[in-house]
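Me: I would like to learn how to read a model like this one, feature by feature. Could you take me through it, giving the general idea before the particular case?

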Amino acid sequence: MGVMSLAQVEEILEESKKIGTVDHVYFEGGEPFLYYPVLVESLKMAKDKGFDVGLLSNAYWATYPEDSKLWLRPISKLGLRSLSLSADPFHYEDLESERTKNAADAAVELGIPVNIMSIDYGDTVKKDKVGEAEVGFGGVMYKGRAAVNLTEDAPKKSWEEFDECPHEDLEDPGRVHVDPFGFVHVCQGLTIGNLFEKPFSEIIKNYDYRSHPMIGPLAAGGPVELSRKYACTPDGEYADACHFCYELRSKLREDYPETLCPGQCYGEEE
Ligand code: SF4
């Protein structure tokens, strides 16, 4: 498991400023509240540097209503753009778990803009709100662990249908993810450099999707083109483009360990 230090967060924020086009910074995990003091300082630092700041949590900490306010009070003073809470049967028994409600109610009471993010996996009883917090539903994306654990019973289609990347603008990404090992991800496990080895601003300024061994073909024709380029014969059908993409990348990882990493994104312990 990787954990980012406060000094590393500061360096990343400084580099983000240099890029010139970064205006939003979102803290997510894993679970960022596990490192609470460092999280609060990091949020403050990001706000002080002029970023719009958001935060994603599974609300594991919101065990009691009053105690939930203790957790959120320091954060309420920082002027967050949003606190998003993950809540669905993959996180808790239902959308309205006690913890989700406690966290959402505490955020509303303290004036923190809050929303609930839930996965629409078909038979969920859909609610528009948990307390005062709005609920947004997103479809299941079979990336990472979901590609391994959730695809067995999912309806499948022929691999030939997945000829584009449906979720990321690979030619001109509007966002990237940074992990605690320093890898900069355009999509989970699809990296364009390591900011502990090369300045973040340089990685972004030098981004050229055409010359990237994985992103080039994915941008040109989705997972179908990736399989063609590397002569990876598809076997079977897939739940979605990301499932196919993940299976291909898992096979290619040994030959491209610097762009298909870290191992945690591919179910490996590190
Ligand atoms: S997993 Fe592949 S197909 Fe899915 S969003 Fe990422 S790059 Fe695109």
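Me: Which helix gives the most to the shell around the ligand?
Reply: Please keep in mind that this is a predicted model. The helix that gives the most to the shell around the ligand is α8, with four residues. Both α7 (215-229) and α8 (241-252) supply at least two residues each to that shell.

Me: Which residues are around the ligand, and how do they divide into nonpolar, polar and charged?
Reply: Around the ligand you will find K143, C165, H167, E168, C187, L190, L218, P223, A241, C242, C245 and Y246. By residue class, the shell divides into nine nonpolar, one polar and two charged residues.

Me: How should I read the nonpolar core, and which residues have the most contacts inside the largest one?
Reply: As a general idea, nonpolar side chains in soluble globular proteins tend to be buried together. Here the largest nonpolar core has 35 residues, and those with the most contacts inside it are V184, V186, I215, L218, F244 and C245. At least two residues of this core come from each of α1 (6-19), β9 (183-187), β10 (190-194), α6 (200-205), α7 and α8, and α8 gives the most, with six residues.

Me: Why does this core lie between domain 1 and domain 2?
Reply: It lies between them because domain 1 (1-139) and domain 2 (142-264) both give residues to it. There is also a second, separate core of 24 residues, which includes V53, L72, L80 and A104.

Me: How do I read a sheet, and in what order do the three strands of the open sheet come?
Reply: In general, the strands of a sheet pair through backbone hydrogen bonds, either parallel or antiparallel. In this model three strands form an open sheet in the order β8-β9-β10, with antiparallel pairing. The edge strands, β8 (177-178) and β10, each pair on one side only. Between β9 and β10 there are three bridges, and the bridge partner of H185 in β10 is T191.

Me: To finish, how many helices and strands does the protein chain have, and what share of its residues counts as buried?
Reply: The protein chain has eight helices and eleven strands, and 36% of its 270 residues count as buried. Among contacts between residues at least 6 apart in sequence, 63% join residues at least 24 apart.

Methods:
Residues are numbered from 1 along each chain as its sequence is written. This is a predicted model: local features need pLDDT of at least 70, side-chain atom pairs count only at pLDDT 80 or more; totals for chains, interfaces and linings use all residues. A residue is near a molecule or strand if its C-beta atom, placed from the backbone, lies within 6 Å of it. Ala, Val, Leu, Ile, Met, Phe, Trp, Tyr, Cys and Pro count as nonpolar, Asp, Glu, Lys and Arg as charged, and the others, Gly among them, as polar. A nonpolar core is a set of buried Ala, Val, Leu, Ile, Met, Phe, Trp, Tyr and Cys residues joined through C-beta atoms within 7 Å. A residue is buried if 20 or more other C-beta atoms lie within 10 Å of its own, exposed if 12 or fewer, and partly exposed in between; C-beta atoms are placed from the backbone. Domain bounds come from an automatic or database domain assignment. Two strands pair if DSSP finds at least two bridges between them. Two residues are in contact if their C-beta atoms, placed from the backbone, lie within 7 Å.
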